[in-house]
Amino acid sequence: MTSTVQSPYSSEQIAAWLRGLLTIAWADGNFDPQEQELIASITKDELALGMTWDSLEVITPIELAAVLGKGTPAAENFLRTAVMVAIADGTYSPSEDRVLQQFCQALEQPENLLEPLRHTLEQPATPGLTKRQIDALHPLRDWLDGLDIQDPRVARFLCKMIPSQCPFERDVTLFGRKIVHIPPMCKINPLYEQLVGLRFRALSYLADKCGEDVSPYI
């Protein structure tokens, strides 16, 4: 569906924005069929630039900064969504961290915001965090909560990228016996509440501001 809501961003900016998010999504080297399907859907429904998923290229930090600007609100909001994409699966890998750091530098955004994230999600996942880790995350949480959804294409991307339910909880069985229990992502991701809040704001924006049917995302 094509929205009639006026976006503050140009088509060129949104194309660069989504390419940047895909660059983060691909940073860990995993590129499974589900990701391919998501990419194909995004290029068809959101970019509308006549590209196919196998021709869509990652974007360099210099290219991204040339389109979004340095130290601009667009650059800051992009970085917020990039962090969300990096942690959407409950892990924060060194490769994702390197790409985010490069984006931070090119867009002239404060790199110290990523420090508490690096010290929590790169460690082995545990059901809880220390008080020091929780306190260190407060500025990052507040910063992420400041994201304002202003474009339907970005909103749709976030609704597709962020799971609708707390995923991945399951028992792994072998010969009828449970050998390991994998906890839900909400138990191991200290920023899960920010992800849920962002997805809700994206859904609300599409439904209330754009008048779109959001049932496919629920």
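**Helix H3 and its two neighbours**

The crossing of H1 and H3 is left-handed, meaning that the near helix is turned anticlockwise from the far one by less than a right angle (clockwise would be right-handed). This is a predicted model, in which local features need pLDDT of at least 70 and side-chain atom pairs count only at pLDDT 80 or more, while totals for chains, interfaces and linings use all residues. Residues are numbered from 1 along each chain as its sequence is written, and side-chain values use heavy atoms, without hydrogens and water.

Start with H1 (residues 11-25). Helices are DSSP runs (H or I, at least four residues), numbered from the N terminus. The axes of H1 and H3 come within 9 Å and cross at roughly 150°. So H1 is roughly antiparallel to H3 (angles over 145 degrees). Contact means heavy atoms within 4.5 Å. Glu12, Gln13, Ala16, Trp17 and Arg19 of H1 meet Glu63, Leu64, Val67 and Leu68 of H3. By class, this contact of H1 with H3 has five nonpolar, one polar and three charged residues.

Now turn to H5. The axes of H3 (residues 61-68) and H5 come within 9 Å and cross at roughly 40°. H3 passes H5 in a right-handed crossing. Pro61, Leu64, Ala65 and Leu68 in H3 touch Gln102, Phe103, Ala106 and Leu107 in H5. These residues divide into seven nonpolar, one polar and no charged.

Glu108 lies in the loop between H5 (94-107) and H6 (115-121). Glu108 is not a glycine, yet has a positive phi of about 60°. Most residues other than glycine have a negative phi. Glu108 is exposed, at 52% relative accessible area (exposed means over 50%, with a 1.4 Å probe and protein chains only).

Terms used
Buried means under 20% relative accessible area, exposed over 50%, partly exposed in between (1.4 Å probe, protein chains only). Axes are lines fitted to C-alpha atoms, for helices over the stretch in contact, and angles run from 0 to 180 degrees between N-to-C directions. Ala, Val, Leu, Ile, Met, Phe, Trp, Tyr, Cys and Pro count as nonpolar, Asp, Glu, Lys and Arg as charged, and the others, Gly among them, as polar. Angles under 35 degrees count as roughly parallel, over 145 as roughly antiparallel, 65 to 115 as roughly perpendicular and the rest as oblique.
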